[in-house]
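Here is a short tour for a first look. Keep the sequence and the 3D view side by side as you read.

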Amino acid sequence: MQTIRGTKDILPKEIQAWQDLYFKALELFTLYNYYEIKTPIIEQTEVFLRSVGNETDIISKEMYRFKDQGQRDICLRPEGTACIARAIASNKLYTIEKIQKLWYLGPMFRYERPQNGRQRQFHQLGLECIGSDTPIADIEVINIAHNLLQRLEVEDYHLQINSLGNEEERHTYRIAFTDFLKKYEKDLDDDSKKRLPTNPLRILDSKNNKTQEIIQKAPCISKYLTASSQRHFDTVKEYLTLLQIPYKINTKLVRGLDYYNHTAFEIISNKSNNQNTLCGGGRYNRLIKQFGGPDMPGVGWAIGVERLLMLKRPTQEKNSEKFRFEIITENSEGQKKSCHLMQILTENSIPFNLNLNNQRLTKQIKKAVKNKSIGCIIIGDNEVQESTITIKWLTQNYQETIPYQSIIPYLKNKIKTLEKFAIYTKIA
Ligand code: HAM
């Protein structure tokens, strides 16, 4: 049996990159006083209908939606922001702290056509700053995304930004844009024709050449911004320049979720043409209120982890695991004794691998060499009879038999010397 289409196993050899990303993110976000949050993978479908918007592809085409045994309308979350907004409102987090700085990493689900960089189960690393409407909050989150990509040595990407204005401004623009497109309706591609009455702004995203040609002449959202929205956008741009974060203004950037207003942005890789949006985000000022919370404006982003890891330089294999012993036993009496041995090694934080192959001692030693163990801790029949234990040092090719009860002080002493001379390095 294979994994479900559009989903992948993340195998042990790939995990180091994931762990590395997690710890680098944790370190950076902690510097900025952001706290990790985990919300359930399943939510009431209403959470997303209310926020992401009925007419978006995410809701209308891509939801993993079902009725549970209690006939509740449930779905696998397609994104994290609505979940965070729901969590802030339902846990009344605002009563503890008026500004919530949160981040998350977890699986999201969208029934899309799978291809390289696009999966049905994918992971997002997301960050949300909720409770402030000042442009400096927009800047803080963009700056963190930029810093993270720098720390992860992701190269060759660029930031695109736009302002979507507030709801009234966008509404006026939507009318003007729809009126304009109606004149060219018959020349639009089929998808855009369908979107015209329901979600016309998404037509700006169309990949169809003819539609794009028409859009070039269409009115631009920037003309519909009021002075205060324009000021917000200008400040964001000014601070980006101050921080030396290069950006391009893309007046067609509208994003695929309905909750955005004012700043919208994407970080795009220059390395590939397909699925090259690494990070998407923006400001959402109504979301928390929509979930019954107070008026708390928010801004944030999410990075697609699979896309990010495809672009990131491969991590060097870490030498964090300096050494490991192989416990080797001969018969059941030896195995019985290994139960106690495992306990005392654990209590003293000495790493080991218990050989489970039930083979002859020589074969187990060969396996230890293959496993790159630093040494074998052997409990053979002789050792059981004489209450001793043998340690065979594989890097130095000698062995010692000592009283069983001396094993911990013996190992600790040896490890100290090995560390001092840094000769714990794994054998070739
Ligand atoms: P989004 O643009 O839908 O935004 O997704 C963010 C990122 O998730 C994308 O840029 C992409 O890297 C990744 N992504 C999306 N769909 C897939 C997929 N099918 N396979 C692989 N990667 C994918 C949001 O989800 C918003 N919640 C972001 C946000 C946070 N806005 C404010 N705060």
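## Naming the elements

Helices (H or I, at least four residues) and strands (E, at least two) are DSSP runs, numbered from the N terminus. The model is predicted.

## Two domains

The domain assignment divides the protein into domain 1 and domain 2. Domain 1 has two segments, 12-166 and 226-311. Domain 2 covers 319-427. The centres of the two domains, taken over C-alpha atoms, lie 49 Å apart.

## A covered helix

Start with helix H4, residues 81-90. This helix is mostly covered, with 9 of its 10 residues buried. The buried residues are Thr81, Ala82, Cys83, Ile84, Ala85, Arg86, Ala87, Ile88 and Ala89.

What lies over them? The cover includes strands E2 (42-44), E5 (100-109), E6 (121-130) and E10 (277-284). Helices H2 (46-51) and H10 (287-290) also belong to it. Just after H4 comes Lys92, with a positive phi of about 50 degrees.

## Two helices that cross

Two packed helices are described by the angle between their axes and the distance between the axes. Now look at helix H5 (residues 135-151) and helix H9 (residues 227-242). Their axes come within 9 Å and cross at roughly 40 degrees. Angles under 35 degrees count as roughly parallel, and 65 to 115 as roughly perpendicular. The angle here therefore makes H5 oblique to H9. The crossing of H5 past H9 is right-handed.

Which residues make the contact? H5 supplies Pro135, Ile136, Asp138, Ile139 and Ile142. H9 supplies His232, Thr235, Val236, Tyr239 and Leu240. By class, this contact has 7 nonpolar, 2 polar and 1 charged residues.

## Positive phi in two loops

Two loop residues other than glycine deserve a look. Lys372 has a positive phi, near 60 degrees. Lys372 sits in the loop between helix H13 (361-370) and strand E14 (375-379). Is Lys372 buried or partly exposed? Its relative accessible area is 41%, so Lys372 is partly exposed.

Asn397 also has a positive phi, near 60 degrees. The loop that holds Asn397 runs between strand E15 (388-393) and strand E16 (398-403). Exposed means over 50% relative accessible area. Asn397 has 64%, so Asn397 is exposed.

Definitions and conventions
Residues numbered from 1 in each chain as written. Predicted model: local features only at pLDDT ≥ 70, side-chain atom pairs only at ≥ 80, totals over all residues. Heavy atoms only, no water. Axes fitted to C-alpha atoms, helices over the stretch in contact; angles between N-to-C directions. Parallel < 35°, antiparallel > 145°, perpendicular 65-115°, else oblique. Left-handed = near helix turned anticlockwise from the far one by under 90°. Contact = heavy atoms within 4.5 Å. Nonpolar A, V, L, I, M, F, W, Y, C, P; charged D, E, K, R; others polar. Domains from an automatic or database assignment. Buried < 20%, exposed > 50% of the residue type's maximum accessible area, 1.4 Å probe, protein only.
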